[in-house]
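This report describes the fold, the overall dimensions and one surface feature of a single protein chain. Please consult the sequence and the model shown below alongside the text.

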Amino acid sequence: MKKFTFKSVGIPTIVLFLIAAICTAILAVTNNVTAPKIADNNAKAEIEARKRVFTQAADFSDVKEINGSTYVEALDEKGNLIGYVFTTSSKGYGGEIKVMTGIDKDGKVTGMDILSIAETAGLGMNAKKDEFKNQYKDNTGIFTVVKNGAGENEIQALTGATITSQAVTDAVNIAVDCFNTLTGGDK
């Protein structure tokens, strides 16, 4: 049986500890350097998404909170309220799906965009395609998901991705609920 000495156990342990400490310090510095840039890029992406889901808006208010979601007021060029843009989320097949939904003062969806999604490629990721997203546009009220022949306020489920379709629809419906809470109605 081999004897353990400081040279055989202690020195490798200290070297391994020093390597781990140096790597941790490098990662911490890298995180501190890149975190503001990442936050700035995310903020720019949200502003661009707001403009996509509410194209009629000239400006947006500061971010506010409602029922665990966030929203901004969509304003015209004179600063008048013309609607809202909500950021909501729901659990999909591959994790949380974050959705931005624009709703005008009359309760009509002006647009919908997916901010983050990690669904199955070729199936759930098809939720990012315009043909799926446009099903919500110009409709009012609560949406339901159907597998065949969508009608008014019905969303045609993505083939092989019903869970994703339902999760995106749930996120849009949360936005509709937030709108109804803000406006005091069920438009």
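Ile11 lies in helix H1, which covers residues 6-53. The model is a predicted one. Is Ile11 buried, partly exposed or exposed? Its relative accessible area is 41%, and Ile11 is therefore partly exposed, since this class lies between the limits of 20% for buried and 50% for exposed.

Ile11 also belongs to a nonpolar surface patch, together with Phe6, Ile14, Val15, Phe17, Leu18, Ile19, Ile22 and Ile26. The accessible area of these residues together is about 900 Å².

| Property of the protein chain | Value |
|---|---|
| Radius of gyration | 24 Å |
| Box of the C-alpha atoms along the principal axes | roughly 80 × 45 × 25 Å |
| Accessible surface | about 11200 Å² |
| Share of the 187 residues that count as buried | 36% |

What radius of gyration would a compact globule of 187 residues have? The value would be near 16 Å, but the protein chain has 24 Å.

Carbon and sulfur atoms contribute 56% of the accessible surface of the protein chain. With regard to contacts at a separation of 6 or more, 46% are made by residues 24 or more positions apart.

Key
Residues are numbered from 1 along each chain as its sequence is written. This is a predicted model: local features need pLDDT of at least 70, side-chain atom pairs count only at pLDDT 80 or more; totals for chains, interfaces and linings use all residues. Side-chain values use heavy atoms; hydrogens and water are left out. Patches are made of residues with over 30% relative accessible area and no salt bridge: like charges are joined within 9 Å, nonpolar side chains (Val, Leu, Ile, Met, Phe, Trp, Tyr) within 5 Å. Accessible areas come from the Shrake-Rupley method with a 1.4 Å probe; for residues, only the protein chains shown count as cover. A salt bridge is a side-chain nitrogen of Lys or Arg within 4 Å of a carboxyl oxygen of Asp or Glu. Helices (H or I, at least four residues) and strands (E, at least two) are DSSP runs, numbered from the N terminus. Buried means under 20% relative accessible area, exposed over 50%, partly exposed in between (1.4 Å probe, protein chains only). The radius of gyration is taken over C-alpha atoms; the globule rule is 2.2 Å times the number of residues to the power 0.38. Contact means heavy atoms within 4.5 Å.
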